[in-house]
Every structure is written in structure tokens, then in C-alpha cells.
Number of protein chains: 2
Amino acid sequence: MGKILRINMNDLTVKTEELGEYAGLGGRALTSSIIAKEVPPLCHPLGPNNKLVASPGLLTGTTAASSGRCHFGCKSPLTGGIKEGNAGGVVSQKIAHLGYSAIVLEGVPKDDKLRIVYINKDKVEILLADELKGMGNYETVAKLREKYGKVGIISIGPAGEQKLNAASIAVNDMDNRPTRHAARGGQGAVMGSKGLKAIVVDDTGAAGVEIKDKDEFKKWAKIFTDGLLKHPVTGEGLPTYGTAVLINIINEAGGLPTRNFSSGQFEHAANISGEQLTENCKDRGGKETHACSPGCVIRCSNVYNDKDGNYLTSGLEYETIWAFGANCNIDDLDMVARLDRLCDDIGLDTIETGGAIAVAMEGGLLPFGDWDRAIKLLDEDIRNATPIGKIIGSGAVVTGRVFGVTRVPAVKGQNMPAYDPRAIQGIGVTYATSTMGADHTAGYAIATNIMKVGGYVDPLKPEGQVELSRNLQIATAALDSTGLCLFTAFPVLDQPETFEAIYRMLNAQYGLNLTGDDVTELGKNVLKTEKDFNTRAGFTNKDDRLPEFMYQEALAPHNQVFMVKDEELDEFWNF
Amino acid sequence: MGKILRINMNDLTVKTEELGEYAGLGGRALTSSIIAKEVPPLCHPLGPNNKLVASPGLLTGTTAASSGRCHFGCKSPLTGGIKEGNAGGVVSQKIAHLGYSAIVLEGVPKDDKLRIVYINKDKVEILLADELKGMGNYETVAKLREKYGKVGIISIGPAGEQKLNAASIAVNDMDNRPTRHAARGGQGAVMGSKGLKAIVVDDTGAAGVEIKDKDEFKKWAKIFTDGLLKHPVTGEGLPTYGTAVLINIINEAGGLPTRNFSSGQFEHAANISGEQLTENCKDRGGKETHACSPGCVIRCSNVYNDKDGNYLTSGLEYETIWAFGANCNIDDLDMVARLDRLCDDIGLDTIETGGAIAVAMEGGLLPFGDWDRAIKLLDEDIRNATPIGKIIGSGAVVTGRVFGVTRVPAVKGQNMPAYDPRAIQGIGVTYATSTMGADHTAGYAIATNIMKVGGYVDPLKPEGQVELSRNLQIATAALDSTGLCLFTAFPVLDQPETFEAIYRMLNAQYGLNLTGDDVTELGKNVLKTEKDFNTRAGFTNKDDRLPEFMYQEALAPHNQVFMVKDEELDEFWNF
């Protein structure tokens, strides 16, 4: 087990502690436990009493495939509840190699100076960095790499510095671009409130992660890798087309939210599909398959070049393509890619930002489909902190309030991702009940509703969705504690030995005797810890509801509303 | 008892009903009962399922002194909870004379046209009024008066049309100016969402209000009037200096929130004091005493002229002078008067708008004291719907979010009025526990904490404040059901016969046998009805708290924080 590194941005002190009461925890289990224990639930998310925790998962830093996620946690300025979000990139393994289970940022600075934290095996330094003020993530990472060499970098862009509620935290990828983001819930704003532009992590000469039983670990790591490679989703679908393969699938299912969730199908879906993306990558010399962190065998990401063959963006994911594409009625993949690049650079959640722009489109600020204005909203307005930039950068709910829009597809203050719950009822249960607000990754019911992974539950019927979402949310909370990519859940759900491999690797690494039940228990405990924080922050079952219009406005083409009853949603927490 | 007039803005139909289950109710008791019974608590406040209710009080339309309040109720877009706000002016008595206990506006229009409702003794008409689009309340009232003669007018300005959360509902005063506002909680936005610019009420030839026992009524009405006239506050303080007499008093007490609640004393309080206001009114040919509705004997309002003796604004009240004065660090009463005039014209709550500007000042948008920019924010930005206008017009909480300000003095989404709860602890209990959000009128503890009306409870100590606020909130909820001005509470609290006169008048009017206990019961029932709505809307005791900084940041000059404990606040509802 690693240590906790506490960095106080108020008195600029640093201390290292044993895990103590948090022993045995990592990733989301650790971030959520620290937040729930140490952060007053009614504190202002941008004030001195919130904390920002970065934590590798329990398996991060080992050779376990696809285990390089870095988990971030805080009280969210967007939802007002607890938040965990994770990103790929190169930093998490370096933190683990240095022996840290968590970096906890505390307090807010006494001055308005900008700082970075530099961490290597010998020291932790808090350094002035006013020269980085207002700088985009791309330039920030380039400058820090130039100065510090082969390091992992956690950074924020102008959005985080402005403390905007849609601000993300960026992590540099294997090409040293700031393309991997813990995007949701405004965690970049919390980092900004602490006056911190970046955390630079250098693991040169670090001891690395201890493995108690190396042979046993190696054996199960291979079984795990094999499991990922042989499953049709992680071994074939995702590597070939990336996450964008879902555009056609979800559109076909009638659940691709179009023009601010006013239709479930987008007439021009083909133009922004995974197939089109792959073709563009191939034609233009990009990469149609790309690992987001070292040791990933799924390689679902990509590098997207412009028409002239020059790098434009990386990690052009389904959610982003949907958020700026179908949801904003933009059918040009190149324009979507530009918007993605801007979000990465400015440090913005693409889902929340696309959602806010779609709400602003409905509110009359700009026409649906106006990509030119959308680009300016990011590159000029949000970057330069104009009033309209501040509105959009504050997310969909604030945008809806200032424009008087009643159709705001948000739960607990967070915009829904790329699946309409009226056409895919299971994901609606996850949106409603997740401690995180509307979040597909919290319990990815699409797997079972649409992809028939882990069985099948009819997406158009309310029956069975609560149980499905509950099981998925429990499993995900456990998975999010290991540092494993969520996509490993596909083989885990279908292949018992792939699931077994996870706790066998944990046992081998830490000298434990965990069973499958222990993993489930961990997931349940994480959810209950988060739920308890939210309850103390004032959340009730009334927050476990979808917005009114989804109960009243039928969605084409299925012409259905969300049908899972309130009483059924309330059953979610009976476990 | 009157009837209920229901106006459906969706199908443009009108119907009149008996009170039925609402029999015996008026004013706030009626608006809150209708909202609690008929509006789904989780509906969008600007959507088709919210309703806007206008109701005269039980005594309105009689000769009872100061009984002309018009009560408005809805689900608030600002707080998300139930809302009642009331205004003086001439309309309430006309509604009562026509025999209506309530006008209930339902639905939202199918088109984007603007309409007015015209009501007289023979008909109710819904009329197109696109020519009034974007028009200020002053011009709107002038045009409608020109067309319809001596009518009462309920109207909204551009803020309500834009559905801004700080939008008010205006009522014309006895000089036919739109200076009386049901300002708090964004009720103007709800009216705007219904596509309604104005309700024009003509009581010519109306039957008037029936009094069962005229002699008995007359006897107690006189006792009531005498009671108002002989009490030092309603008979002398308020008529002489108006509500602005409080500037020096509250400043002296260290509870005048200055520069966004960062100090309890304003160095330049004398420049914006009631004494200065009265002097200006006298010197410039304004009116230093003025009734806000027919039959008011307190006459605490005023007419404020500019330096050239031309009319500038009316009803320049303490809260407004504080909101733009001390709270925005503006020490020029003429500039404050201009800001008040703009709020009346654009249709904005002066407390919320001043609060939002103060938060924006703290957020760096403009310097504290910059009255010139503040005026432009209203007259140019909010009036013309610019992005920054939409931010400020959405109130202090939204403004705080977009500017990343952590010190936002709001409860349940509503900015605090002109008394800092750290220096006057009793009002803090009202802010925290009121169903309305931070609202001084819900339980005016200043009376007992500062003015020693109804006894005395030390404002600097937490002891006794919960009981004080509870008793005041119960009494106020009852009073708000009669149509009587809140200021009648001063003599009612001190003089038993003035309290008795209220239920004796009700008995004489309606042929009832109410006792003082019945009045208290009514108040309790109103509060519990409202609380129940809020609970169903998702509110918990966590919403009955002041913002974090008021527990942590001591306020000069007393250097105190808010000291009433959470457990004590939770005791509030034990009645």
C-alpha cells in the first residue's frame, strides 16, 4: 500500500502520511472515502474546505492490462454532491511508482498567484508559475515537458483557472498531449480554486509497485489480458472503430439524442459515425487505434488529422462526437474534431459544454448546427472569459436558467451523456440514481440494453432496469477502485475467468485472500459512502429523478417517455 | 367568499369556479394552498405545469386600514420551492370588488405571442398585445391606462418577458406608476413564461365586498386604525422617515451588510439614510410620506424627485437603498434612486439585483461603488438581454457560479435582504428556515431584536432566536392571508386590542366566530402547507442553513459569526 501525499495550498506545506484508516483502498474507493470523511458536505466547492484527491487504482502501476486510470475526487461545483472522475494518460502509473496511493490538495491560496506542484522520488515542491496564466493545456504541457522531461502532467486550462463548473482536469497522453480528461463535474474548477495550474510527476528512479507473489500475478495478468483480447467488444469492436462505433448503433436504436434531446435519431449520423472517423484517420495519416495509457490492450482511442494531414486532435470519442454532433446538429466530423481540440486545450468537459451549447441553441442564442459560432463560443468567449463564455462554461443548467429554457436534460445539475433514457430505459435509471448526477459510466446499462453484454434487458421497457443498473453501478464502483478501464467490464460481465483474474491479481499483489463477493462488497461500500455524503449535502430521492420533460415528451422514433416509476427508482438503494 | 377565476394560457380559455375546498382562505393561505395542491413539486417553474396565483387577502376590499396587499404565488424559478410575495398598489381591492378570491394563471402558450388579460364585471378577455413586447413597466402602464381608464394593472417588464429569475411582478400605485412589486423569487418570470404582459382589472360598477355585520365591522376597523396610528412605529417612525429610517438604525447595530456582506457598517450610511431621503424629498418637491395603496394610514412610502425637481422614482425603500447603496458601496442617494427606477421599469427585484451586482463586484466584473456601470448593467444589459444582463438578471447564485464567487449570501437560492444575520441572529433563523428562502418579511425578527417591538431578544446571542422567529413566521403567515400590510404587525405585537381587531373584523365580514387561536392555527397551517410542498420538491433541513462563510467569517464591528446551531434550527419546525 502506498502513502498519502497532502499538499496544503494555503500555507504551502507538504506532508506524507500512511494510509491509516484508508488502508486497502485505491482509486474511487479512496477518493470517495477521503471526500466523505474529510470534506464538510455543505461547504462551498470552491472554498477552502473542499479537497481535490488524485488517486491511482489498486492495480495501477502493475503490468495488469488497461490499469492506468487516474481517479480524481472532490465535492463537485456542478452537482453539489460527491464526484469521482477518471482519466487515462501517463500520470497515474507514475504516481503509483512513486509510492503514493493519493495526492490530496487542500486549502485555497492566500494570494492570487498561480502555482505548480513538482513531485519526484526525492522531493515535492510547490512552485510559482504565473507565466502559465491563461495558457491552454497544449502549450502548458509542452512547456512543462520541455522543462521537466519525461513526466506525467495533470493540468487545467483557462476554464479551470476561471473556476468554471464545466472545467476538466487534463492528463497528458503517450504522445504528450493533454487529451485525457477527468472531465465531468467541474473538478478543473476545484483545482483552479486552489491556484494550481499543474502537477508534474517524475517517476525517474522510483521504486515502483511491490508485487507480493510475482508468478501468481503474472499468471492472472495473462488470463486477464487474454480475456480482453478475445471478447468481441474489447478485442475487436473498440480497437477497430473506437467508441464512435456507437454512433450508428445508438442512432439505429433510436437513442441518439439529437438537437438537445428532441429526437432519438440524427439524419446525418453517417457523417459523424465511427466508420467515417476510421476512414478519415486512415486517409489522412492519423491513427485509428491508439492506447490512452501505457499497457492498454484495448486501444480504443485515435489520432485525428485535418484534411491536410496535420494533427488536429486525439481521443475523438463517441460522447464528444455526439455532444457537438447530433446534439448540436453539426454533421461535419472535422468541425466536431475542432471543438474537441478546443475543449482539450481550454480544459472543458465536452459533454457538459456540448450540452450547454445545445441548450443555448434551444434558447435562441445561436441556431442549431452553427458550428462556426460554436467554435467561437469556445475559442473566443470561454477562453477569454466573456460573459457568454462564462455562461456556457458553467454548464447546461446555468445556461438553461439564464435563457429560460425548460428542456434541460440534466440530473443533479449535470448534463446527460449520449444516450436518451426514453429509448434506453436502463441508462435512465443510472442517470437518475447515480451519486454522480447524469453519468453513463456509473452504470453502463447500454452494455445489456443494446450490446447484449452480460445478458439482455429490453431497452424500451421499464422492467428489470433498476436491478440492471444497480448491479452495474456496484460492479463499476469496484472496478473504478482498481484503476482498470471501464471497458474491461465488457469481458468481465461475460467471462467469469476475466472477473476472477481481477481479484486474483489483487490477491497476488497485496497478499490478500479476496473473493468475488469481496469485490461486490467493495462496490456496495463505495456507493453507500458516496450516497451518505450526498444525503448530508441535502440530496433526497427527489434528486433521483429525470427532468420533467422526459416523463411528458415522447421521443421519436419510439414515441416513448421514461417509464420507470419513482417508487422503482427508490428501490435502487435497497441493497 | 369570492370565486376563483382560472385563465388557461394554453387553450386561451377562462372559467370561474367556487372556492370549494379552498373556502375560508385568502391571500397567502390561498395562493400557497393552490400551489401545494395543484402544482407538481418537481415541475419546471417555467413550464406548463406551474401556476401563477394572484389573490387579495381576506380583508382586502373592505375599509380595514392598510389591507390592500395583493398576494402572488407559484413555484419559484429562483428557489425551486413554493413562493408567496405581495405588493401594494391599487389592483388587489379591485379584484376583491369584482368578487374574485384568486386569479389562477395556468399553462403556457402554444405560440410566442404576448397577451394581456382584461377583466371587468361583465367579462374576462385574453387579448393579443405584441405591441407591448419589450416595453418597460412605466410605458406599459401608461399605455394601458390610456386605453382602459382607471384600472388596476399587474404587469411585467423586459425581465419577466425574458423569464429572468430576478424578475418581479409590478402593480400600479395610486399615482398610476408601476412602483409596487411582488418582487422576490422570480414570479415575473413565471408570468412571462405564460406569455402574459399584463392583467388589467376594471372594477367599475362592481358589487364590492359583502360585509355581514357592518356596524360590528366598522367598530373594529376603527379600533384597528387607531391602533396603527397610536403605535410609535406605524404612527410616527414609518410615516415620518419611511422604511429608510432603518439605514442609520441597522448601521448603528452593526448589521447593515456592506460590500457584499463583508462588513456590518457602511462608512457613508448618513448619505443614504432616511433622514437624507426625507430632506431630499422635502427640498425637491417630492413626497416624504405616501400611501402605497388606497386606505393605508401608515403611508411609509415616498415620491423621490431628482435635483431638478422632476419625478425620478417612488417607493424608495430601505431594502432597495441598502441593496444598491451599502451592499454595492454606492453612497449617492440619487444614483440609488435611478437604479430603483430602472428596477421598477425593467421589472426586477431590487434585493436580488443589488445582491447579484454586489457578487459580480466581488467577482471582479466591476469595482465596488461603480454606479455608472451598475446603471448600464440594468438599463442596457438586462433591458436588452445581453449575456451579462442575463447573468445579473438571474440573481446572485447564478452570478456567483459564473464568476466563481464563494461568498454568496443566499439561502435556498435567494439573496439575503438588508440585515446581516451575524449581527442580528434572529433574522438569520428566519432566513434559514423560511419556506421562501432568505426573506426578512417571512418573520421580521428585527422588530424584537432591534426595535424592541413584541419584547426584546438580544440580537448578538443565539438564545431565543428560534422561538422568536417561529412565532413571527406563524403570525406573519396568518397576517399575509388577510391582505394587511406586514407593518401592521408592529402594533399587533404590542397592543392586544389591535390583534383582536383583526379577527373581529374577519368575524364581522364573514359571519364567523374566530378567536386569536384560530388566527395562530391558520398561520401554522400555511407554513406547514408550504413546508410540505418544499419537502416534496426535494428540500431538507440541509436547505435550512446559512451559507458556509457566515459560520466562518466574523463580521465587523461585532466580530461574530452566525451562532445558532443546526440542531436548534431543526427545532424550528416542531410546532
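Predicted model: local features only at pLDDT ≥ 70, side-chain atom pairs only at ≥ 80, totals over all residues.

User: Good to know. Which helix gives the most to the lining of the second largest cavity?
Analyst: That's helix α21 of chain A, residues 516-536, which supplies three residues of that lining.

User: And which residues line that cavity altogether?
Analyst: The lining is made up of A:K412, A:T433, A:S434, A:T435, A:K531, A:N534, A:T535, A:F539, A:T540, A:D544 and A:W573. Sorted by class, six are polar, three are charged and two are nonpolar. The volume of this second largest cavity is about 70 Å³.

User: How many cavities of 30 Å³ or more are there?
Analyst: The count comes to four.

User: What lies nearest the centre of the largest one?
Analyst: B:R69, B:N86, B:H181, B:H440 and B:T441, out of 48 lining residues. The lining divides into 19 nonpolar, 16 polar and 13 charged residues.

User: Where does the largest share of that lining come from?
Analyst: From β5(B), with five residues. Chain B elements that each supply at least two residues are β5 (82-87), β11 (180-182), α10 (318-324), α11 (333-346) and α12 (350-362).

User: Staying on chain B, is helix α1 largely enclosed or left open?
Analyst: Enclosed. Buried means under 20% relative accessible area, and 11 of the 12 residues of α1(B) are buried, so the rest of the structure largely encloses this helix. Among the buried ones are B:R28, B:L30, B:I34, B:I35 and B:E38.

User: What about the span of that helix?
Analyst: α1(B) covers residues 27-38 and reaches 16 Å from its first C-alpha to its last, close to the 16 Å expected at 1.5 Å a residue.

User: OK, switching to chain A. How many helices and strands does chain A have?
Analyst: Chain A comes to 23 helices and 17 strands. Its C-alpha trace spans about 60 × 50 × 50 Å along the principal axes, and 66% of the 575 residues in chain A are buried.

User: What's the strand order in the six-strand sheet?
Analyst: In chain A the order is β8-β7-β12-β9-β10-β11, forming an open sheet with mixed pairing. β8 (124-128) and β11 (180-182) of chain A are at the edges with a single partner strand each, so each has one side without a neighbour in the sheet. On average, neighbouring strands of this sheet are turned by 20 degrees against each other, ignoring direction.

User: And how many bridges join β9 and β10 of chain A?
Analyst: Two, in the antiparallel sense, between β9 (residues 152-155) and β10 (residues 169-171) of chain A. A:I154 has A:V171 in β10(A) as its bridge partner.

User: Which strands make up the three-strand sheet?
Analyst: β13, β14 and β15 of chain A, in the order β13-β14-β15, as an open sheet with antiparallel pairing. The edge strands of chain A here are β13 (287-290) and β15 (311-314), and each pairs on one side only. From one strand to the next, the twist averages 25 degrees.

User: Last one: what stands opposite A:Y304?
Analyst: A:T313 in β15(A). Strand β14 of chain A, residues 301-305, pairs with β15(A) over three bridges in the antiparallel sense.

Methods
Residues numbered from 1 in each chain as written. Chains lettered and ligands numbered in written order. Heavy atoms only, no water. 1 Å grid on protein atoms, 1.4 Å probe; cavity = no way out; pocket = protein on both sides within 12 Å on 5 of 7 lines; lining within 4 Å. Points joined across faces, edges and corners; volume = space filled by probe spheres on them. Helix = DSSP H or I, 4+ residues; strand = E, 2+ residues; numbered from the N terminus. Nonpolar A, V, L, I, M, F, W, Y, C, P; charged D, E, K, R; others polar. Expected span 1.5 Å × (residues − 1). Buried < 20%, exposed > 50% of the residue type's maximum accessible area, 1.4 Å probe, protein only. Pairing = 2+ DSSP bridges. Axes fitted to C-alpha atoms, helices over the stretch in contact; angles between N-to-C directions.
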